[in-house]
Every structure is written in structure tokens, then in C-alpha cells.
Amino acid sequence: MAKSARWAIRGHVVALRRFRQADVTSEYLGWLNAPTLNRYLRKRHWTMREAKRWVAEKLRGGPQIALFMVCRAGGDEPIGTLKLEQEIGMIHDEEGSEGGKIAVLGLLIAKPGLGYGAEAIRLGMTWARREWGVVGVRAGIHTANARSIAAFAKAGFSFSPDIVSATCR
């Protein structure tokens, strides 16, 4: 997992780079509006104007928000997005509880089922620990989203009984 000027962090399969306003393209809008992808999102239909406004809001959200484009390693082909938001909270898992800075991670992979998700999650966690010094990472996951549950489990997350939240230290 290397860091370079172009990439925030790179893995073997995917790399994360900072999301740019120019990344709000018709392809990105297609991801947001694809029924197979957005059925687990809070918002189901996006216009280009709404997507640009949301991204601009996140990009100027200050140091507590990091928005990344997930790309295939070795190229710049976008395959998803990853969002981290920093907050103060508690991590509860089988090891007990720990308070401090945590990151909340959200992930959208446009080409699911190819093994990109788990590595993107691990890279996001590594970045959040290195750049923010977080004690843990939390994610909200829809109970019916089997692929997301599998990717987060593969990345080392443990799940609450209702599977709506997952944590990792």
C-alpha cells in the first residue's frame, strides 16, 4: 500500500485518489441511478445538478470529510467511490469499547462482485488511521446488502446483531 502524489493510497487491486468535481460525469451519475447499486442508498434518483451540488458540499466539508475515487490499480479507470467522515465516538466490538476519533466509511463499487470492495475498504481504513489517527472505523450497511456485508467482513469488520452497523479497529 504505497502513497504517491497522484494516489492517496494504492493497493494491489485498487487505488484511491481524491475525488474531484470533474469526476461528476454521466458515468458517475449512472452509478448513482443504477437500480442494482442505489437500492441500498438513502437517495434513489439523482440529477446531474444534485450530484454536483452534493460533491461540492463534501469537497468543501473541511478536514473531517475525505471523498475518494476508487480506481483499478495500474490505471485510472474509475470503478467506485469511497467516503470517510471523521467524528468523535465509540467503537464497540468483541475486544470491548474504545472512545476517540473514528471514521465512518461509505463505499459504492460500480462493478460489484469482482473483489474490489474489500481492498478499497482496507485502503480507506489505512488512510484514515494514517491521516486522522482514528481508533476505529464504522460503517452503516443495509441488512439485505450481502455483497457489502461480505466485503466489510473480508476487510476485518465485526457486525452488530442487526447488521446495520459494522466496526473495525
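Student: What share of the contacts in the protein chain with a separation of 6 or more comes from residues 24 or more positions apart?

Tutor: 59%. Bear in mind that this is a predicted model.

Student: How many helices and strands are there, and in what order do they run?

Tutor: The chain has five helices and eight strands. Read from the N terminus, the order is β-β-α-α-α-β-β-β-α-β-α-β-β.

Student: What percentage of the residues count as buried?

Tutor: Of the 169 residues, 43% do.

Student: Now the cores. Which residues touch the most other members of the largest nonpolar core?

Tutor: A nonpolar core is a set of buried nonpolar side chains joined through atoms within 4.5 Å. The largest one here holds 30 residues, and Leu 84 and Trp 127 touch the most other members. Two or more residues each come from strand 2 (14-18), strand 3 (65-72), strand 4 (78-93), strand 5 (96-109), helix 4, strand 6 (136-140) and helix 5. Helix 4 gives the largest share, eight residues.

Student: How do I read a helix pair? At roughly what angle do helix 4 and helix 5 cross?

Tutor: Take the axes and look at distance and angle. Helix 4 (residues 116-132) and helix 5 (residues 146-154) have axes that come within 8 Å and cross at roughly 50 degrees. So helix 4 is oblique to helix 5. The crossing is right-handed.

Student: Which residues meet there?

Tutor: Helix 4 brings Gly 117, Ala 118, Ile 121 and Arg 122; helix 5 brings Ala 151, Phe 152 and Lys 154. By type, the contact has four nonpolar residues, one polar and two charged.

Student: And helix 1 with helix 3: at roughly what angle do their axes cross?

Tutor: Roughly 95 degrees, with the axes of helix 1 (residues 26-33) and helix 3 (residues 48-59) coming within 10 Å. Helix 1 is therefore roughly perpendicular to helix 3.

Student: Which residues make that contact, and how many are charged?

Tutor: Ser 26, Tyr 28, Leu 29 and Leu 32 of helix 1 meet Met 48, Ala 51, Trp 54 and Val 55 of helix 3. Seven are nonpolar, one is polar and none is charged.

Conventions. Residues numbered from 1 in each chain as written. Predicted model: local features only at pLDDT ≥ 70, side-chain atom pairs only at ≥ 80, totals over all residues. Heavy atoms only, no water. Axes fitted to C-alpha atoms, helices over the stretch in contact; angles between N-to-C directions. Helix = DSSP H or I, 4+ residues; strand = E, 2+ residues; numbered from the N terminus. Parallel < 35°, antiparallel > 145°, perpendicular 65-115°, else oblique. Left-handed = near helix turned anticlockwise from the far one by under 90°. Contact = heavy atoms within 4.5 Å. Nonpolar A, V, L, I, M, F, W, Y, C, P; charged D, E, K, R; others polar. Buried < 20%, exposed > 50% of the residue type's maximum accessible area, 1.4 Å probe, protein only.
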